[in-house]
Amino acid sequence: KMDSKYPYETICEESEDEWVSMNRYCLREKMKSKSRFYCYILIISILYGFQYYINNKITPVGDQTAFLNYAKEFHHNYLEFGINRYLTWSSRLLIESATLFFSVHDKLFIIASIIASFFLLLPSKKLCPNLPWIPGLFIFIFLPASEFLSAGSIPTYINYVFPASFLLFSLYYRYSDKWWVQCLAFLSFVFAIMNEQLAVYAFLWIVFELIRDWKVITFRYRNILYGLVSLTGILSAKFSPGNTLRFEKNVESWFPNFVHLNPLQKIGLGILETGDGIFSVSFEFIFVFLIVLVVLSFYKKNFISLILSSFTLFAILSQKFEWRNILFTLSSVSKVARESGTFEYNVVYFGAVIYNIVLFMMVMYSLWALSKVSDRLWIVYLFGIGLIGRLLISFSPTLYASSTRTYLPIMLSLFIITCYFLNDVYIHFKRSKVIK
């Protein structure tokens with residue numbers, strides 16, 4: 001018995017030592033991987049954030065020069081300026097204060113834009129678990145700095161990409177176990193929903209998760225809190241004295257006929273303009289999104305989705321080459337509506353709207369068909385709230401003056417969806433290699 005006891009103990013001790021050694025090795029590798037990830041997104045954040053500063057130096061136009069004059073007028077009292085803007089121009093109180101501050105301190109803007117970009121990329125492992133480096137590349141395509149210049153690089157960034165970065169962080173990290181991350185996520189959310197488009201986008205996002213996760217008590221109360229905050233942002237935008245005054249001035253400056261249009265006509269114009277921007281003008285991210293859909297359709301052997309996504313991609317490409325197709329006609333109708341400033345009740349206008357809706361439905365079908373069964377409703381819904389966020393501009397007289405920056409909600413949705421699908425493409429690619 002004594003002879004058999006010692007070998008047994010020796011084997012157990014050796015096994016335990018191996019287990020401890022292996023555990024330490026895995027822990028070190030995990031820490032190295034985490035360090036590499038943070039180092040990577042920091043480098044990307046520097047490259048992404050710094051380009052807005054460069055653009056500001058190249059094209060210091062739009063509201064940039066006006067804000068420098070406001071700083072002198074308000075003696076650099078940034079909070080007082082934000083309150084004044086809330087009463088006389090815009091409901092984006094803290095965003096307006098931040099815009100004034102960074103317009104004056106443009107060197108600090110570099111740091112702020114890098115931090116915001118870092119926050120934007122923190123959820124990368126949640127967006128694309130198998131390829132966490134992809135979101136860092138995609139932000140240059142889905143949120144291109146060149147599309148956020150219309151009111152000056154710094155003012156446009158602070159009003160749109162800056163809050164959007166914090167919104168994405170807050171939505172993905174509000175369930176964190178760490179109290180300080182929860183506080184940071186909440187503060188980020190409060191700042192982000194001061195942009196009215198993002199407030200609606202966030203509210204619709206939270207409502208979905210509130211219903212889906214109703215049985216999880218912790219999630220329920222947190223979602224109710226975030227839902228109420230986003231609703232407050234919407235109500236603030238609706239009843240802000242400044243927004244009312246701004247509306248009147250914008251009608252006079254940009255769209256005199258706007259007050260004579262009914263809600264149906266405004267939505268019709270919004271659909272025509274949104275469809276024209278996505279399908280006819282078409283941004284680079286639309287191409288990337290559709291290419292990923294085509295590739296995934298091929299891997300999953302979903303021929304209906306392959307045909308629909310390929311048709312949409314070909315139609316957009318042919319429009320780029322100025323070949324006459326249905327998108328040429330839709331773009332022409334949108335141009336006529338833009339120039340006339342009205343939506344006529346006739347077959348041409350309603351036909352164009354229906355065609356755009358059909359194109360959107362084709363994309364939504366592909367999203368439904370290619371998503372995992374558990375994610376189908378969410379992915380289609382996410383695309384839908386992106387469209388709704390963009391279509392909000394239908395009720396603003398700056399429908400045609402706001403340029404591409406108001407496509408931000410659909411940019412965010414397609415950014416998330418494309419990361420999700422590219423992760424799926426990678427999984428299918430790995431499986432096909434294993435089978436071979």
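Axes are lines fitted to C-alpha atoms, for helices over the stretch in contact, and angles run from 0 to 180 degrees between N-to-C directions. The model is predicted: local features need pLDDT of at least 70, side-chain atom pairs count only at pLDDT 80 or more, and totals for chains, interfaces and linings use all residues. Residues are numbered from 1 along each chain as its sequence is written, and side-chain values use heavy atoms, with hydrogens and water left out.

**View 1. Crossing of helices H14 and H19.** The axes of H14 (residues 263-281) and H19 (residues 376-391) come within 10 Å and cross at roughly 115°. Helices are DSSP runs (H or I, at least four residues), numbered from the N terminus. On the H14 side, Gly270, Ile271, Glu273, Thr274 and Ile278 meet Leu387, Arg390 and Leu391 of H19 (contact: heavy atoms within 4.5 Å).

**View 2. Salt bridge between arginine 92 and glutamate 196.** The two side chains meet at 2.7 Å, N to O (salt bridge: a side-chain nitrogen of Lys or Arg within 4 Å of a carboxyl oxygen of Asp or Glu). Arginine 92 lies in the loop between H3 (78-88) and H4 (93-104) and glutamate 196 in H11 (residues 196-212), so the pair ties together parts 104 residues apart in sequence. Arginine 92 is buried at 5% relative accessibility, while glutamate 196 is partly exposed at 26% (buried: under 20% relative accessible area; exposed: over 50%; partly exposed: in between; 1.4 Å probe, protein chains only).

**View 3. Salt bridge between arginine 338 and aspartate 276.** Their side chains meet at 3.1 Å, N to O. Arginine 338 belongs to H17 (residues 326-340) and aspartate 276 to H14, 62 residues apart. Aspartate 276 is buried at 8% relative accessibility.

Note on methods
Helices (H or I, at least four residues) and strands (E, at least two) are DSSP runs, numbered from the N terminus.
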